[in-house]
Amino acid sequence: MPELLQFCVSGLTVGAVYALVALGFTIIYNASDVVNFAQGEFVMIGGMTTVFATAAGVPLPLAALGAVLVAMVVGLLLHRLAIEPARGASPVTLIIITIGASIFLRGLAQVVFDKQFHSLPAFSGNTPIRFGGAAILPQSFWVLGGAAVIVAVLWAFFNRTLIGKAVLATAANRLAARLVGINTSFVMGLSFVMSAAIGAVAGILVTPITLTSYDVGMLLALKGFAAAMLGGMGNPLGAVVGGLAVGLLEALGAGYISSTYKDAIAFIVILIVLFALPGGLFGKASVERV
Amino acid sequence: MHSTEPLLRVEALRSAYGRIEALHGVSLSVAAGEIVALVGGNGAGKTTLLRTLSGVQPMTGGSLSFQGRDISRASPHARVAAGIAQVPEGRQIFAPLAIEDNLRLGAYLRKDAEIASDLERIYSLFPVLKERRRNPAGGLSGGQQQMLAIGRALMSRPTLLLLDEPSMGLAPVLVDQVFEIIQRLNREDGVTVFLVEQNAFAALSIATRGYVIETGEIAIEGKGSALLADERVREAYLGV
Ligand SMILES: Nc1ncnc2c1ncn2[C@@H]1O[C@H](COP(=O)(O)OP(=O)(O)O)[C@@H](O)[C@H]1O
Ligand SMILES: [Mg+2]
């Protein structure tokens, strides 16, 4: 039993990261129909920038804030330089553009940073907290708590602010959004900036547990994409549940079957969803497209 | 004909989908305070014209001016801010959003303090929207969605209201109601109306002036009553 609990906690911790990546996919997808495969690079930029800034002597909170800002700028540039000029292109073209951007950002990270693995000190030490026979790293609480705060902030943004509702309106009906005076190009840029910030926060929180390097984004994007598909592409609640589910499946698979196949779980989830559950667990989002 | 500059002036307007031109040089004008009807058959270019006026469909030639200023290159949001609102064909409500959010988004660009009182005004115009204001707009019937689309456009406090086939798909009672409201807005609030309709009789009956559009060109123009009496119009559009 303690073993199961242990697997669940580590599964939920990585799952929270997948959930944040999946939320990033969802926000951009809803605002612009783009499936952004550079989403994992935001996570990498968050982790790597914080690592290098702290190594240069910047205090952790400041380094983390700076890393989020760097990711937001990269998100904005990605939209302005790569997505906006291709407005009206087919979804496949846009996906290829984001894959290209992902490769480019990885290459850039090799040059700007390096090719090593890096870690950050855990925010509240490494003394495990004993709970029901399981040992939980304090950093796990940072990851889970951080994810919970982000979900709450997003919820308030979309439900309580006019600009948040403008983003939802753009997702629901782009033509009508433009006709009421919403600058939909701004909304799309905003969705890239928000997704970048969310990814970066995830990267900063999880680096003390999983380490980071210039190329962690690729696998994270894949797992976040699996999570988003499992939850139903475009559905924020689905993204969170899907992320936690993929994390749990991975941890249980690694624990009870073999850790060799850990990374295959996400592929299997994608295949199962494609064949058996094309709408995902929560069906297509309540978003209507014309 | 007009001593003063009209509110909206459209000159030799062209618009195309790819290489296929849908508007071949449309010229018309709408004076402040008028209800101007644009009638024509399916595929004549009415929707294309309205979308071009709102800036959501590119124009390939000609010019547009509103309140004497050239708006040919203005963004859609700049046109809304200038006072042009549109009730689009097929209503195009924000289905997953609450009814009240749909209306509030109609006032997206407004910063004044009277948004709440305008919302109440819309609710008094369309009481059914108030009853269900917290529900997703997608649950409304077709007629109610049309009311919502009109209410949403009014929330921007437009000077010029563009309506694209507001009677389409509505039961006759509702059609009467919609046309009554359009007249009331024009009379009581001084909203200038440019009304696109396939229902030529109803539209021309309430219109000051009217235009007939055929395959992307204005074919006939005149007073509303004159068009109702026009032989060609009667044959082609009124089924008489
Ligand atoms: N999205 C589009 N792509 C290509 N052609 C279009 C599109 N929308 C309309 N058209 C064409 O433009 C012409 C005018 O259409 P439209 O403006 O919708 O007419 P109406 O509103 O009078 O029925 C038609 O020939 C129609 O086929
Ligand atoms: Mg039409």
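Salt bridges and contacts

Author: A:Lys223 and A:Asp263 form a salt bridge, with their closest N and O atoms 2.4 Å apart; the term stands for a side-chain nitrogen of Lys or Arg within 4 Å of a carboxyl oxygen of Asp or Glu. A:Lys223 belongs to helix H9 (residues 216-231) of chain A and A:Asp263 to the loop between helix H10 (236-257) and helix H11 (264-276) of that chain, so the pair ties together parts that are 40 residues apart in sequence. Helices here are DSSP runs of H or I with at least four residues, numbered from the N terminus.

The model is predicted: local features need pLDDT of at least 70, side-chain atom pairs count only at pLDDT 80 or more, and totals for chains, interfaces and linings use all residues. Residues are numbered from 1 along each chain as its sequence is written, chains are lettered from A and ligands numbered from 1 in the order in which they are written, and side-chain values use heavy atoms, with hydrogens and water left out.

Over all chains, the search finds 20 salt bridges. Between chain B and chain A the count is one: A:Lys165 pairs with B:Asp101, the closest N and O atoms being 2.9 Å apart. The contact (heavy atoms within 4.5 Å) takes 20 residues from chain A and 22 from chain B. About 1,900 Å² is buried between the two chains, 71% of it on carbon and sulfur atoms; buried area is the accessible area, with a 1.4 Å probe, that two parts lose on being put together, summed over both.

Three residue pairs across this interface are in polar contact, both residues at pLDDT 80 or more. A polar contact is a pair of N or O atoms within 3.5 Å; within protein, one must be able to donate a hydrogen and the other to accept it, and residues adjacent in sequence count only if both atoms are side-chain atoms. On the side of chain B that touches chain A, H1, helix H2 (76-82) and helix H3 (99-106) of chain B each supply at least two residues. H3(B) gives the most, with four residues.

Chain B also has polar contacts with ligand 1. A side-chain N or O atom of B:Lys46 is 2.8 Å from an oxygen atom of ligand 1. For B:Ala44, a backbone N or O atom lies 3.2 Å from a ligand 1 oxygen, and for B:Asn42 a polar side-chain atom lies 3.3 Å from one.
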